[in-house]
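Morning, everyone. Please have the sequence and the model open, and follow along with me.

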Amino acid sequence: MIHLHTSKIIADAYRPADPIDLDAAALAFAIDYETREFTRSTTLHDAMALAAFAHLPQTRPGRHGTGTDPYITHPFRNVLRLVRFGCTDEIVLAATALHDTVEDQADRIVAALGDCEPSRGVALAAIAQHFGSEVADVVNAVTNPASPRDLSPTAKNAAYRDHVAAVIQEPRVFLVKLSDFIDNAGSLDVLADEAKRLELRTKYAPLVPVFAETRTRLGNDLALSAPGSIRLDRELDQLAESLA
């Protein structure tokens, strides 16, 4: 016999877990349990499933510097982080799950949702058709634009900073981009390549005050819970210290 409170017991077991300690399956279950009270559609579930399909060929440096992990652990961690910040906006959470798909795997998005020649534009149109224009607009905003190949590293970093500073003025985009930034910039220690760590630290460090200033300006427009807001500020402060 299954007790009615079993789901709550399992959900409570996941809540203290650090996202970095969870594999892809555990992240998916944690998100499911922690969003059941406010999700009203299958949008987030379907977005996560599509992201998992899109990123299937990709890997990232493994947790705690060991081997590699499926790439999907990155967007799933971002979703769980926002849920724990108190974000209940399904548009934000769906866009977070899909945030790298158009930039990295447009062909697999098109293969799953359409039958046209793969491109960023076609992939975004497919996301708009199946998840709505608001989700597609946020995904489009957080997708890094292609930069000219002849730019110097300094110029590329400046262009990236300007892009981020411009797009995060909108609250939904800010939340998706911030969670992505925390996960990427907070994972530098797992990189074995010291030169790559220094390169990325140089890229990410100037963005901390940009996020901090925008977070202050947006304030309650982010629609987070009070504990979630405190948690967000704490993680941003910790990241600032680690990149200093």
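Let's start with a term: contact means heavy atoms within 4.5 Å. Keep in mind that this is a predicted model.

Now find R215, in helix α12. What does R215 touch, leaving out residues up to four places away in sequence? The list is F174, L222, S229, L232 and D233. Is R215 buried or exposed? R215 has a relative accessible area of 11%, so it counts as buried.

Next, the helix pair. Helix α10 covers residues 171-185, and helix α12 covers residues 207-218. They pack at an angle of about 145°. Their axes are 11 Å apart. The crossing is left-handed. From α10, the contact includes F174 and F181. From α12, it includes F211 and R215. By class, this contact has eight nonpolar, one polar and two charged residues.

On to charges. Side chains of opposite charge can pair when their charged atoms come close. How many salt bridges does the structure hold? It holds 14.

Take D12 and K8. Their side chains meet in a salt bridge at 2.7 Å, N to O. Both lie in helix α1, four residues apart, about one turn of the helix. D12 is partly exposed at 34% relative accessibility, and K8 is exposed at 54%.

Now R77 and D183. Their closest N and O atoms are 2.9 Å apart, in a salt bridge. This pair links distant parts of the chain: R77 is in helix α4, D183 is in helix α10, and 106 residues separate them. R77 is buried at 4% relative accessibility. D183 is buried too, at 3%. Salt bridges that share partners join R60, R77, R81, D183, R231 and E235 into one network.

Terms used: Residues numbered from 1 in each chain as written. Predicted model: local features only at pLDDT ≥ 70, side-chain atom pairs only at ≥ 80, totals over all residues. Heavy atoms only, no water. Axes fitted to C-alpha atoms, helices over the stretch in contact; angles between N-to-C directions. Helix = DSSP H or I, 4+ residues; strand = E, 2+ residues; numbered from the N terminus. Left-handed = near helix turned anticlockwise from the far one by under 90°. Nonpolar A, V, L, I, M, F, W, Y, C, P; charged D, E, K, R; others polar. Buried < 20%, exposed > 50% of the residue type's maximum accessible area, 1.4 Å probe, protein only. Salt bridge = Lys/Arg side-chain N within 4 Å of Asp/Glu carboxyl O.
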